[in-house]
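Have the coordinates open as you read.

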Amino acid sequence: MRGNRGQSRGNKASLHGKKPFNAAPSKGAYRPDGRGNRFRELSREDTGDDQKMNAYFTERFGRGNAVREPANSPTTARPSMTANLSIRKYVKAFDRPVDSSSWTTFRDIPSSNEIFTPNRADHEDNLEVSENIVVGPYSSKEDYLERHYSLLREDAVAPLRDVVSEVQMYPRLMESESENSAHVYEKVFITGFTFANTGVAARITFSLRRSGKKINWEQSKRLITGAIVALTPVNDMFKSICHVAFIAARPLNGLQQNPPEIDIFFGATDEIEIDPQQEWVMVESKNGFYEGHRHTLQGLQMLAKERFPLSEHIIDIKRDIPPPKYLEEQPLKDLTKLFTTGGQDVLNVDILSDWPNDLPSELDQSQMDALRRILSKRMAIVQGPPGTGKTHVSVIAIKLLLENMTSDDPPIILAAHTNHALDQLLRHVSAFEPEFIRLGGWTKDMETIKPRTLYEVKNAVKHSNPMGSLRQPALTKLKQLAKDMIQLLIPLTEGNEPLKATLFKKYGVISDAQYESLVQGAKEWIRAGAEDSVSGDIAMWLGDERVEDKQRTVPEDFGIEFEEVDLEFEQLKEIEAENKLIDEEDHETLKGPRIVFNEPFTGHRSIGVNEQTALTEMEKRDLWQIPSEYRGPVYRHMQQRVKECIRQKLREFARQHAVASREARIGLWELDCNYLKQARIIGMTTTGLSKYRGLLQSIEPKIVLIEEAAETLESSIAVACFETIEHLILVGDHQQLRGHCNDAQLAVMPFFLGVSMFERLVTNKVDFSQLKRQRRMIPEIRRLLKPIYEDLEDHPSVLDRPPVPGMGGVNSYFFTHKWRETTDAQMSKTNEEEADMIVGFFKYLVANGTDSLDIAVLTLYNGQRKLILRKLRDQRHLLGDYFKVAAVDSYQGEENGVILLSLVRCNSQGKIGFLEAENRVCVALSRAQRGFYLFGDAPSLCISSMLWWEVVKVVSKDPRRLGFYMPLTCEKHKEKTFVKDPYDFRTLDGGCARPCREPMACGHFCALNCHPFPHEIINCQKRCSRTLNCGHPCTQACYLECKSDCECIIVEQATQPIEYAQAIKTLVTPLGKENQVRYFRSLSPEKKNQAPQNSSQSRGLAQETQLFRDFASGGHVESDKNLRALAERESAAARHRRLDTENFISFDDATDEEVLAKNLDNVKLVRTKSNGQGGTRGVWKGAFEVPRSENASPKKQQEGSLLDL
C-alpha cells in the first residue's frame, strides 16, 4: 500500500452552541405584503454617469419598489449597512495553535510532515485510516466528524504524497515513467513576488523537460488555480527539505511564454523562500486537486465546535422524520400555485393533516408524494430515476416555499453539485423569482444568470463598507505592507553589480570595521587606476572572483508534439473560477504590486574552500586581507546570510499580511451579508456551500435544498447543516454517479468515501420518496433499465417519438464485436476499430437527416473520448459540425435524442474495468430519448457482470436488438443492409448498395449508390457536356464553372513538309479572331457553331445517349461491381440472421432458470456482500467458460457464442 496514511485521532471537540433561529411566522398563509421595500436601504445614489451602467438592471437592485432618484438630484443620505460581527467570530475561530493530537486544529494547507518522510528508504508503507460506517449509526458526533475529516484529508493529500515519495526514490524520474501520474518541473527559479490582497505570491519560472512535450495550457489540468504542489532544492530532491505550496493564479500569457511562469502561494509564511539563484524541483499529481476539499475540511472543523442540526437522522439514523419546527408552529400554507383550480379551498391548507389529494394538478402521483414530503419533512429525501422530473418537482417546491415566506424569513439556499445543474435550476426559478443571487462567478448563461451573480449585483449598485467594517483599515494595511516588502526586496533587483557593502553592514553580516576597510580599500583601488567599468565597493573587492550566475530557466523546443488535451477550455475555466477565493471577472490574473528579481552575480567557487574556511576568513578585520582565491566563497557566504536576514524579515511581513488579508475578507463578507439578506433565493454549487460557509451562516438560513445530492460527498452536505437550519431537502439518485474521490482506494470498502449522505440514509431505510414515471426515453430504450429500476413507468409523452431515420424502426441496438482494446500514453483504454465503427455510423445517421447536435457519443474512458473526437473532426463530410463527445461521468443530468455508447473493453482476461460500476452503467444507459446504440464486447460483459448479463437478456428479447451486424434500412428502397466492419460504411452513401442512377440538374445520372440526401448538394464528377465559345467541348468536371475560352492546341501553317512531332511542339496560343491558323485536327463549321441543347424535348434523348456512352466507356464494370456487392450483402444478411438465431436461441426458448440450470456445471456466480462495516449493494461476479457446440462451423467457433450459456 502507498504512503503513510496515519492520522492522529483527536480529543472530543467542545460544543459551542448557538441559539437556533426561530422567526415568528405570520398567521396568514397568503403571500405577505411589504416585501418590496426590503432593498430600499441599498438604493443607489445616482449620478449622470451611473445611469449608463448595467442597463439590464431595470429595477436596480431589489424587489422593484426601490426608489429611482432623478439623475441631477442631490445625493440623499441612506441608512448605513451593518457589520455582522458573527462573521468575525467565525473566521477568527481558526486562530488557534496547531495541535498534532487534535484534528480540529490542523491547518488548512498540509504541512511537509504530511507530504513526505525525510530520508525515506522504501516507497511502500501501510495505510492507517479510520474506516467509514455506512450501515448503522455512528457512536457520536465526534466520531462521525473525525472519521469523515480523516478520510477527506487523506483523499486530498495522498496523491501528492505518492508523487513526492516516488520522486524521492527516483530523483531522475521522467513523467512517462511515473506510476502515480506525476508532473515534474525542474529548473524552477523564483523570479519575483506579487503582493495581492489575498496573499504574498512568488512568481516562478520552470522547465518542462521531463514531460518532453509542448503543453496546450488552455486545455491542460496542469497547475490549475488551487492545485497543490511540493518543492525541493535540486541538490536535495526531497531527502530532507519539502515545501508545500498551491497555485495562486494561472495567467495564460505567462504559461505560454518560453520558459513558462506562474504564481504560487507557499503553504505557510514561515516557508516562504526568496533566493532567485536557488534552483528547485517542483512536483504535482495529475490526479489530485486539494482546493476542492480544502474548504470542506475547514467546515468540518467548525462543525465540531457548533451545534449539529439534524444529527439525530444523519448520525443516529432516526428513521421517522418529523416536520420542520417552523411548520409545526404554522402549518397553514397557500397552495394555489400547485392546485390552480382549487380557488379559496387551497388558500390556507394545513399541509400536515389536510393535504388535498383529490384536486387535479400537473404532477403524477409519485411526484405529488415527493412534493408533499419536501414541504412537510425537516429532512426530505427524494430519489428521482433518470427522466422522472426531479428538477421539476424541486422547482414547484421552491415556488410554494417562496409563496409562503414572510418578510422576516431568511433566504432559501439552493445548491447543486455542478455549475450546469445549478444554472439550470436557477433559470427555472428566475421565471417567478428573477432577483435571486448566485454566489460564484462562473456561468455560461450570460443573459439570465450572469447579471445575478453577487459580483455583478454589487457592481450595479454603488456601495460603501458597513460602519465599523474591518475592510478599509485592512486594505490600507495591505497597501502599506506591500510597500514595505517591495522596499525590503529592492536589493535583489539591482542587477548591475553585486550586493552592496552597505546592505551587508545593515544586516550585521559585516562589522563597522570591516565595512570601513572595504570602503577605504575601494578608494585606494580607484586611486591606483582601476578600470572604469568596475563600480561598487564589493565589485572592486571581488575583482575576477565575481562571476555571473548562469543557472536560469532557458527556452526549450519540443518540436511539434503536444501533450494530450485533458479538459475542454470551458471546463478548465469553470474549475479555476470555482476555486478562486474572491469572485472577480478576471479569474486568471493575480492583482497587486509586483517586484521582479535581477541578481545575476555571485562569487566564484574555489576548489577546497568549504563553509568553515569562509567563516574563518570572515573573522578578519580588514576584508582586503582575505586572499583573492577565497573572496568568491566568502562573498557567497555573505550573500546567503543577507538573504536569510531578508527572508526572515519578509516572513514577518507576510504574517502581518496574512492577518490583514483575512480581515479584508471578513470586511468583504460583512458587506456581502447585507446584499444576501435582501434576497429570497441564493444559489451556489456544493463547493460554494463550504467555500462561503462563514458568510452563509451569518444570514441564519432555515431552508437548504441540494440537487444532485447523491453525487456529492457526504462531508460537503454535512457542512451545510448550519446552526440555524430547520429544513434540509436532498434530491438525487444514488443509483447513478457517486461522488468523486482522488484516491480510488478510498472510494470502496472499507472506507466508502464515495458513498454520499443521500445513499447512506436510503440504505439505512430512512424515509424517502421515489419518482416512478419517466418522460425521457422511448419504451424500447427504457426497458434497458429494468434490472436497475423495476417499477419505472412510461409517461404517455414518450410513446409517439419519431424513429431514428435510416434504421427502419430499430431505435436501439447492441452491436457486439471482438476488436481488442489498447492503452494510450495516459494509461487510458482505447479501441481503434470500435471508434472507426462509431464514426462510420455517426456519418450514416447525419447523412440520413439526423442533426449532429442531436447525436451524443459517450464513453467511460477519456482516451476513447479523445480518439473518437479526433476521428470525427478528420471527416471532411462533417467539417463545420459540432460534436458532442463526452465521458459518462460528465454527462449525468444531460440527455440527447440519439446516444452512441462506446464500451471499449475487449481483452483476453475478461476485464471490464469501469463497466463493473453499476452507477456508471445506469447513467450510460439512460441518456437517450429516441435512439440508443451500444458498441462493445457483449460476451465479456455478460461473463464479468451480472448487471450486463441482465441488460443483454433484455435486448435479446422481442424486439431483439443484439447482434454482430448493425442493421441499417434504406429510407428510399426499404432495403436492409447489415454492417459488420467499419470498412462497410465506405461503400454506403447513407442508403443501400443499389446505384442511384437518378438524373441530376446538370443532365448526368448520379454515380453514387443510393443516398437519402438531395442531388443539389452533390458535386458531379463527370466530364462536362457543354460546348465552349471556341466550339470545343468543356474538359473540366461538371460541377466546376466552364471557362470562357479553352487553350486550343494550334500550329502555324507549314511552308514546307514538317514532322508530326515537330508540329505539335510548334507555337501554342489561345484561339482568337486575329489568329490566322489552322487546326491540326480541325472541326467542321457546323460543329463550331453548334449551340448547347437545353430544350426539354432534347434533354431526354441527350441523357439516354450519355448513359449509353458512359456504360460503353466502362460503366458496365461499375454496374457489375454493384451487382456483386448487392449479392454479397444479401448473403451477409442471411448469414447474420442465421448466426444471431444460433447465438441467442436460448433467450427465445428458455426461461432464466432453465438457462442457468442447463449450464450449472459451467457457471459459478458469487455474490459479494458487506463485511458488516458498510456496503449498499451486492456485486455479482461471474466466472465460466462459454460452451461450444460440437457441430459449430469454424466461423462460429472463431466468433464465439455470445450468450449460449
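The expected span of a helix is 1.5 Å times one less than its number of residues. Helices (H or I, at least four residues) and strands (E, at least two) are DSSP runs, numbered from the N terminus. This is a predicted model: local features need pLDDT of at least 70, side-chain atom pairs count only at pLDDT 80 or more, and totals for chains, interfaces and linings use all residues. Residues are numbered from 1 along each chain as its sequence is written, and side-chain values use heavy atoms, without hydrogens or water.

Start with helix 26, residues 862–873. Its 12 residues should span 16 Å at 1.5 Å a residue; the end C-alpha atoms are 17 Å apart, which agrees. Buried means under 20% relative accessible area, exposed over 50%, partly exposed in between (1.4 Å probe, protein chains only). By that cut-off 9 of the 12 residues of helix 26 are buried, so the rest of the structure largely encloses it. Among them are Gly863, Arg865, Leu869 and Leu872. The buried residues pack against strand 23 (829–830), helix 25, strand 24, strand 25 and strand 26 (contact: heavy atoms within 4.5 Å).

Now the sheet. Two strands pair if DSSP finds at least two bridges between them. Here 6 strands form an open sheet in the order 25-24-26-27-21-28, with parallel pairing. Strand 25 (884–887) and strand 28 (962–963) each have a single partner strand, so one side of each is left without a neighbour in the sheet. Strand 21 (residues 812–816) is joined to strand 28 by 2 bridges. One partner pair is Phe815 and Gly963.

Angles run from 0 to 180 degrees between N-to-C directions, with axes fitted to C-alpha atoms, for helices over the stretch in contact. Helix 26 runs at about 170° to strand 25. Helix 25 (residues 832–847) runs at about 160° to strand 26.

What about the cores? A nonpolar core is a set of buried Ala, Val, Leu, Ile, Met, Phe, Trp, Tyr and Cys residues joined through side-chain atoms within 4.5 Å. In the largest, of 102 residues, Val283, Ile706 and Leu728 touch the most other members. Helix 3 (residues 141–169) gives the largest share, 11 residues. Apart from this core lies another, of 43 residues, including Phe814 and Val904.

Last, the crossing. The axes of helix 1 (residues 85–92) and helix 18 (residues 628–678) come within 9 Å and cross at roughly 145°. Residues that meet there include Ile87 and Val91 in helix 1, and Ile666 and Trp669 in helix 18.
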